[in-house]
Amino acid sequence: MVIKRIAPLSAAKIAGLIYALIGLPFALLVWVVSLVGLGNAGLSGSPFGPGAGLVAGAGVAAVIILPLIYGVTGFAMTLVGAWLYNLMA
């Protein structure tokens, strides 16, 4: 069996979803690390420290933004890669 053509948009949609799912564990890791940073921010005197809200917000934002970035990048790169494959094949 020889693959002669790949539908770029179909391949890119599937790859984008896979990349977003791959990005989710990394986002959760960033969220956990930000929570650890939130706990250590209390060393400056106040219960949560001056930058605690920023650290907690960055963790929540990472859970939303990182999978989106991974998914969009995976979509775009697969779209270009499938197009180039079709061009060369």
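How many aromatic pairs does a search of the whole structure find? The search finds one aromatic pair, where rings of Phe, Tyr and Trp (its six-membered ring) pair if their centres lie within 6.5 Å. This is a predicted model, in which local features need pLDDT of at least 70 and side-chain atom pairs count only at pLDDT 80 or more, while totals for chains, interfaces and linings use all residues. Residues are numbered from 1 along each chain as its sequence is written, and side-chain values use heavy atoms, with hydrogens and water left out.

**Overall make-up**

- The chain has two helices and zero strands; helices (H or I, at least four residues) and strands (E, at least two) are DSSP runs, numbered from the N terminus.
- Of its 89 residues, 19% count as buried, a label that means under 20% relative accessible area, with exposed over 50% and partly exposed in between (1.4 Å probe, protein chains only).
- Taking contacts (heavy atoms within 4.5 Å) between residues at least 6 apart in sequence, 80% join residues at least 24 apart.

**The aromatic pair**

- A pair of aromatic rings is described by the distance of the centres and the angle of the planes.
- The one pair found in the whole structure is formed by F26 and Y70, with 6.0 Å centre to centre and 15 degrees between the planes, and it is stacked.
- Planes under 30 degrees apart count as stacked, over 60 as edge-to-face and the rest as tilted.
- This pair links distant parts of the chain, since F26 belongs to helix 1 and Y70 to helix 2, 44 residues apart.
- F26 counts as partly exposed because its relative accessibility is 44%.
- Y70 is also partly exposed, with a relative accessible area of 30%.

**The nonpolar surface patch**

- L24, L28, W31, V32, L35, V36, V60, I64, I65, L68 and I69 form a nonpolar patch on the surface, and together they have about 950 Å² of accessible area.
- The elements giving two or more residues to this patch are helix 1 (8-40) and helix 2 (52-88), and helix 1 gives the most, with six residues.
- Patches are made of residues with over 30% relative accessible area and no salt bridge, joining like charges within 9 Å and nonpolar side chains (Val, Leu, Ile, Met, Phe, Trp, Tyr) within 5 Å.
- A salt bridge is a side-chain nitrogen of Lys or Arg within 4 Å of a carboxyl oxygen of Asp or Glu.
- V60 lies in helix 2 and counts as partly exposed because its relative accessibility is 47%.
- I69, likewise in helix 2, is partly exposed at 45% relative accessibility.

**Pairs distant in sequence**

- I69 and A20 are 49 residues apart along the chain, and their C-alpha atoms are separated by 7.7 Å.
- L84 lies in helix 2 and is partly exposed, with a relative accessible area of 36%.
- From L84 to P8 the separation is 76 residues in sequence and 9.3 Å in space, C-alpha to C-alpha.
- L87 is in helix 2 and counts as exposed because its relative accessible area is 53%.
- The C-alpha atoms of L87 and R5 are separated by 9.0 Å, with the two residues 82 apart along the chain.

Methods. Accessible areas come from the Shrake-Rupley method with a 1.4 Å probe; for residues, only the protein chains shown count as cover.
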